[in-house]
Amino acid sequence: MPILEVEHICKSFHQTEVLKDISFSLEKGQAVSIIGSSGSGKTTLLRCLNFLETPDQGIIRVNSETLFDANDPSTRIESAIRKKRLHFGLVFQSFHLFPQYTALENTMLATELLAKERPDYKAKKKDIHEEIRAQAEALLAQMGLENRMDNYPHQLSGGQCQRVAIARALALKPDILCFDEPTSALDPELTGEVLRVIRNLADGNTTMVIVTHEMAFARDVANHIIFMDDGVIVEQGAPSQIFGHPAEERTRQFLSGYMGTGHF
C-alpha cells in the first residue's frame, strides 16, 4: 500500500498551466528524486504536496487518507490545512531559520508551538519541554551539529544551517520529508555535507521526495526517478532505467546536458 498517492494534480497561475495531470505514488521508506529543468513545475508540485499552494484539480492521499480532493469542498477548509501539512516536512532552498534563535531553539520551536495544543500541556509543561529538547538535541547530533546547538544562524555555515533546517523538519515526525533543491544556495564545498546527511536518511528508510539538480546524487540515492518537463511527467521509473536507458527523447536530451560534467 503506497504511503503517498498523487492523482491527476493540475495547477495554473493566471492563464499559465504549471502542473498538467501529475500522478505518481510513493512507498513507505522509498526516496523519489524529481529532476528537470528550471520552470518545469518541480517546486510547485512540492508546494502543492505541502499545501502551500492549492491544486486546481486532483487528489492527494497519505496512508490511504484523502487529504485533498478538488471535487470535495470539505478537504479545502482552511482550518484543517495545518494538520494536513504535518504529514509532510519541507526543507527549503535557503534554510528559513529564525535569526534570533539558536540552532537548538530553531529545531524545537515548531514542536513546542504544536505541544501547546495538547490538553495536558499546562499540567506537564516542564516534562514536555524536556522531552522536546532531548529530541532536538538528538536530531542535531544526528546532523553532526552536537557542538553547534547554541550557535545562531549567522555563526553557522550554509551547510550547517541547512542541516539545522533538516533537523527542524524531522522534529515534527512527518510521514514524508520533502527537499526543494537543498543544495542550491550552498557553495560547492558545502554541498557534499548536506548530501551525505540526506543519503544517510535514505539509508535509514526515511520516506522522501527530493527535487534536485544533482544528477549523480539523484541516481544514487533514489529508488524512483521522476523527470518533469513543461509541467508534465515525461518519464518515471527506476534510476537504472531513467539514467541508463531512458525511453523518451526529451529525457535523453535533458540528461545529455549533464554527461561529462561534475553533476553526473
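E248 counts as partly exposed, because its relative accessibility is 37%, where buried means under 20% relative accessible area, exposed over 50%, and partly exposed in between, calculated with a 1.4 Å probe and protein chains only. This is a predicted model, in which local features need pLDDT of at least 70 and side-chain atom pairs count only at pLDDT 80 or more, while totals for chains, interfaces and linings use all residues. Residues are numbered from 1 along each chain as its sequence is written, and side-chain values use heavy atoms, with hydrogens and water left out. E248 sits in the loop between α8 (239-244) and α9 (249-256); helices (H or I, at least four residues) and strands (E, at least two) are DSSP runs, numbered from the N terminus. When residues up to four places away in sequence are not counted, E248 touches V234 and E235, contact meaning heavy atoms within 4.5 Å. The C-alpha atoms of E248 and V234 are separated by 7.3 Å, although these residues lie 14 residues apart along the chain.

Most residues other than glycine have a negative phi. N63, in the loop between β4 (57-62) and β5 (65-69), has a positive phi near 50°, and with a relative accessible area of 46% N63 is partly exposed. E181, in the loop between β7 (176-180) and α6 (188-203), likewise has a positive phi, near 45°, but E181 is buried, with a relative accessible area of 7%.

T107 counts as buried because its relative accessibility is 1%. The side chain of T107 reaches the backbone oxygen of A103 at 2.8 Å, which falls under the definition of a polar contact as a pair of N or O atoms within 3.5 Å, where within protein one must be able to donate a hydrogen and the other to accept it, and residues adjacent in sequence count only if both atoms are side-chain atoms. Leaving aside neighbours within four places in sequence, T107 is in contact with A136, L140, V164, A167, R168 and A171.

In soluble globular proteins, nonpolar side chains tend to be buried together. A nonpolar core is here a set of buried Ala, Val, Leu, Ile, Met, Phe, Trp, Tyr and Cys residues joined through side-chain atoms within 4.5 Å. The largest such core has 51 residues, of which I35, I166, F179 and M208 touch the most other members. Helix α5 (residues 158-171) gives the most to this core, with eight residues. A second, separate core of 29 residues includes I3, L45, F51 and I60. Returning to I35, and leaving aside its neighbours within four places in sequence, its contacts include T212, M215, I226, F243 and L255.

Grid points are joined across faces, edges and corners, and a volume is the space filled by probe spheres set on the points. The largest pocket has a volume of about 660 Å³. Its lining holds 20 residues, with R85, L86, F88, A110 and L172 nearest its centre, and α3 gives the most to this lining, with five residues. By class, the lining divides into 13 nonpolar, four polar and three charged residues, where Ala, Val, Leu, Ile, Met, Phe, Trp, Tyr, Cys and Pro count as nonpolar, Asp, Glu, Lys and Arg as charged, and the others, Gly among them, as polar.

The second largest pocket has a volume of about 160 Å³, and the residues that line it include T111, R118, I128, I132 and K173. Helix α4 gives the most to this lining, with four residues. The largest cavity contains about 30 Å³ of space and is lined by E112, Y121, K125, I128, H129 and I132. Helix α4 (residues 125-142) gives the most to the lining of this cavity as well, with four residues.

Note on methods:
1 Å grid on protein atoms, 1.4 Å probe; cavity = no way out; pocket = protein on both sides within 12 Å on 5 of 7 lines; lining within 4 Å.
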